[in-house]
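Keep the model open while you go through them.

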Amino acid sequence: MKKPKVAFFDFTCCEGCQLQVANLGEELLDLLGVIDVVEFREVMSEKWEGDFDVAIVEGSITDAHGAERIKKIRERCKVLIAYGSCATIGGVNGMKNGFDLGEIGKYVYGSSYHFFPTEETRPVHDVVKVDYFVNGCPIYLPEFKEVLKAALQGIPYHVPDYAVCVECRLNENVCMYEKGVSCLGPVTRGGCNSWCVNNGNICYGCRGMVSNPNQKGMKDVLTRYNVPLDQIMNKMGMYNRCREKK
Amino acid sequence: MHKDMSINVEYLTRVEGHGNIVVNVREGRLEECRLDIIESPRFFEGMLRGRPVFEAPHISSRICGICSCGHTLASIQAAEDALGVTPTEQTIKLRRLMLNYEILDSHILHIYILAVPDLAGAKSVIPMIETHNKAVRRALRMKKEVNNACDILTGRHVHPITAIIGGFTKLPRTGDLKTMHNLLTGLRGDTEATLELVSTFNFPVFERETEYVSLVSDGPDYPLLSGDLGSSEGIRMNKKDYRSMTNEFIVPHSSAKHTKLSRDAYAVGALSRFNMNYDKLHPLAKKTAERLGIRPRCTNPYLNTVAQLVEWAHCLEESISIIEELMRSGVDYSQELVVGVNEQKKIPVRKGSGVGAVEVPRGTLYHNYDIDENGVIVDANCIIPTNQNLHNIEHDMEKLVPEIMDKSQDEITLALEMLVRAYDPCISCSTHILKVSFVNS
Amino acid sequence: MSSSQYVILRKDNFDGFISRLSKLQKLVAPVSKGHNNFSFEEVTSGEEVAVRYIPTILPPKKYLMPQRETLLEFNVSKGLESTPVVEHEKTTIFGVHTCDIAGIQCLNMVFSTRPRDFNYLTRKGATTIIGLECNDYCDEYASCALVNANLPNGGYDLFFTDMGEYFIVHVNTQAGEDIIEAAKFFEEAGDDQLKALASLREKKREIFKNEVPIDPRKIPELFDKSFDSKVWEELGERCIACGNCTNVCPTCYCFDVKDEMNLELKGGRRYRVWDSCQVEPFATVAGNHNFRKERAERQKHRYFRKFRYHVDKYHRLFCTGCGAGGAAEPAWLG
Amino acid sequence: MEKTVINDSNYRIRKGKVIRTRQMTPHEKLFEIALDGGRSLDHEPGQFVMVSMFGVGEAPISVCSSPTNRGYFELCVRAVGRVTGTMHRLEAGDEIGIRGPFGKGFPIRVLEGNDLLIVAGGLGIVPLRSLINFVFDNRRDFGKVHTLLGCKTEGDILFGDELERWMKRIDVHYECTLDKAAPEWAGHVGLITTLLPGVHLEPERTFAIVVGPPIMFRFVIKELLAKKIPESQILVSLERHMKCGMGKCGHCQIQDYYCCTDGPVFNYSDIKHIKEAM
């Protein structure tokens, strides 16, 4: 069997998800036994002109150049995997959407801001069709492996659609609300094995929201712990700003 | 020999971020030589405004996945400076450990995956799986083990979880210290093998005098986490005055800003630190330097990779010592923090301005926040090591190209690519963070 | 009470006993996690053990029925090869409250019913259970008297009752006796001590009163009448479908079976993981028909599984009154 | 943690080989499977097996062939999920993992000597084909046989060639109706309930066997009861999500019953009070 050709691409992001892949260690060699990596800018000089089977895309689309580039990539690949919060939900880049783009440009670049044209941040699936999603900032490697294997096997991967709380409880963490601080676990999609709460921090919502949250039930929980709704909404604005369509 | 030549290396590979090298030679004279940065901007400093400073380390960690521990630490330092928080000794020790892990992880990535292929004459690390299987496996193993140790301390290396303003949300247990100790001492053999491998390489011969900038201190430690700002031209100033140290200016071809100090350009990073603070390196690191034949002051930028290996040896040994100290003294778990975004005001909040200056793998990183009385950020500024090196790289190229003009275009291209790669530039974070500052206006 | 079945462990020997026990085989016990939260974790000394604790975040069922366990290993590289396996480790669980013991007894019934589940049964055989009596209610969520789980009722090897200066220990099985033999800290219980135990039990009868004003024997009947009640919709409105209630329940045992390939796509394993009837995909068949689409229907299903469905099949309620479900989620049968 | 092989595990897989495949419609494919070593599956009509696609998972699939066929059995699979989708890539010669058979099938001993009214909606024909072929192979054990089939469109009809043979048999009454038909369709058009009034039967000696989508049961059973067929002589086969096949995993629970061990074939009189059943 011919090895499928796989290419990695990055758009506006910190490239930490590529680094996560590099953190597979020697497992990378197992992976390279079944796929043929044809482009991976951060580790390879090689370029690939032809089509490929799987494109693994990191980062948000934040300018016209990016939008054009992702469309060309989509045309060249059979399967497109969006990985990392920037690609799947817009992530921290979405915070920009809360500002006037001209104003924020001037703040950062001063009078030469027009050299750096920018558009509203979009997740990849708002521009082209995405076949697989690997959520998280950064991606959770065990999930990335599952998705990649599913893509190579040609079977669907179902992103968990339950709250982070499910996994958090299974990890026997003391609930952050019981510790007196608020956490986005109850409305955020699981699949990360409650990574941040396992390490004593709160959930910041990097995997996006569950698709069918019980808003009334959630408000009950907030009331129970005296958490103001706007405090939660402000936290949601860190990763999930792109959900708010103008 | 007169010739015309135009080199345009688009999307320079094997460095983080998007950069182009442009070289124009007309009739044997170098007309233009520049490093274009074409990464789309991310406006982090703009986006930080209006957010509680307690979110700043989490958000600004996302500036760069490679240096996310460094950004977190610089951000924490700036925030604590603004808030007037003094970290405990234990916290400082653990932060030094965290920074060491980052340098270890980043340097090994650079040495093996970004630099060694050039020196071994390979396109990339991928074909080396066949030709240098043992070395590739060793590289992946070294990176993984450091990464595993960092995971124990910070939850994960890419965008660390446990390090927050005030300290750590989770402190390593006795078993964790033991595991980290085993992981690190287990790397000594691989360090030796790496040393042997690197000593077989012939690095390009090229020298250019420049100004070297890094943190300096009067203490005994190799200054990475704290210190004053110093340069090889004898300048020394407090981190509060970082703007006078960096003197940012705009060049038209790059979305990353350039910097200078006493000369046309200055350098930061492993080689600068090596040149500035050689005396404070761990004895084993000095020995490594001797075996690799590198001495301060070294003015061959290609040897930045060698300086990184010296620093690897230093950070490995220093990490082992820190862990051994913690094993002896025990960890005070009452310092474990539950803070969230400080909604309970457990950490007192005040109006203020603060600067963080930290030596991250590629050089000195500055974060600077102004916060209001509610702890909300009103102004933010970050200056990235790669930004500081860009101008120096261009000056290197301007000196290098005429020296090698008789070589083929491919050879020149490779020499230039290798030069840029030797600085291990993290272009992605340098453009994410561009900000015009109005110091003089 | 026959005195030969009772021994005494003085409190100053507790630490010695726990460390000795931890050297015999893996020992787990409730430990404090702060903020009035507890969990069963591996211990090696007495001071780590929380002798007074409220129900742990997860019940000790996690040792008999791990959250994730491999059932089968397979290889597809040259023809199909597969081997069914069981993962097990000799484990002593110290400090199990009567509610959690009742939960394990429920699981024993389910997995011993044909077709028998050999993975569970193998692990059951490798597990030693040391109970610990609740002299008083642990928290306001408990309703153990309702389901008669506040007093010891078998299901353990040893059973500890805290008598202040000492523990009085009921030796229930050969495995329990072996522990008493191996750890040299025990002395035979005297008449006074047996009397003290009897009077403690008497006092417990005063403390533990049926918490819910219904006759427990009438519960199944009551549930039969409530199938179409509005109460389920009210529950459904408040439920956030987090699955916590089933994960923390000592008698919930539903699981999902999944496959995992190794990265080189040649071999892998089939494993089972805890699943929850509260999450949407649980009763959804291929083609997307969900037989319990509404949160209200799923909550109803959970309550009926505790109080109605299993009564005919296993002749017991599948609620142990531990209150963990109620603590994990505000909605509780009041 | 120790790991031991357990030979009596319920999760042990029997190896089989795909002998032949046939694409029946764009969505359904038929697999003829022989177990390793030529052993027979020994199933009853109405039972199901768990099919393994290693690395993808397991799915419950009804056996659609009669146990009178020795040496092989057949599965008719619609590609709707991960496992069934992967199964469709199998071709003759490929290996396959099988567990089972599981569940209670149609009670043959009870049915013998009676008339049968078999009502199939859509994919319901799949488990029923096992029974129908068994009945034909043992035709003398049964009285009159009525077979009613309802499908969405002509393209959805499964086993068309066999149906034609059934139609030609004089010892079976067969009718088919479509929800939506092209003008050239000569048969009935309308819901399957419209066929029932035309069936002449002796209710006291007739067993009705109904398999179809959830929505169909209620309407068909109402008609059957109107035709005076005793409740205890109505059999249904239900579909549920299943993971273990042994009444443990909980996915297929229908109130008091586990579909995988108490069913999938149920007697209507046993489940008529079970509100979640139909």
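This is a predicted model: local features need pLDDT of at least 70, side-chain atom pairs count only at pLDDT 80 or more; totals for chains, interfaces and linings use all residues.

**Exercise 1.** Work out which domains chain A is divided into, and how much area is buried between domain 1 and domain 2 of chain A.

*Solution.* Residues are numbered from 1 along each chain as its sequence is written, chains are lettered from A in the order in which they are written, and side-chain values use heavy atoms, with hydrogens and water left out.

Next, spacing: the C-alpha centres of the two domains of chain A are 27 Å apart. Then contacts (heavy atoms within 4.5 Å): ten residues of domain 1 of chain A touch nine of domain 2 of chain A.

Finally, the buried area (accessible area, 1.4 Å probe, lost on putting two parts together, summed over both) comes to about 700 Å², with 57% from carbon and sulfur atoms. On the domain 1 side of chain A, A:I89, A:N135 and A:Y140 lose the most, together 62% of what that side buries.

**Exercise 2.** Find the angle at which the axes of α7(B) and α12(B) cross.

*Solution.* Take helix α7 (residues 174-185) and helix α12 (residues 304-329) of chain B: their axes come within 10 Å and cross at roughly 155 degrees. So α7(B) is roughly antiparallel (over 145 degrees) to α12(B).

Technical notes. Axes are lines fitted to C-alpha atoms, for helices over the stretch in contact, and angles run from 0 to 180 degrees between N-to-C directions. Helices (H or I, at least four residues) and strands (E, at least two) are DSSP runs, numbered from the N terminus. Angles under 35 degrees count as roughly parallel, over 145 as roughly antiparallel, 65 to 115 as roughly perpendicular and the rest as oblique. Domain bounds come from an automatic or database domain assignment.
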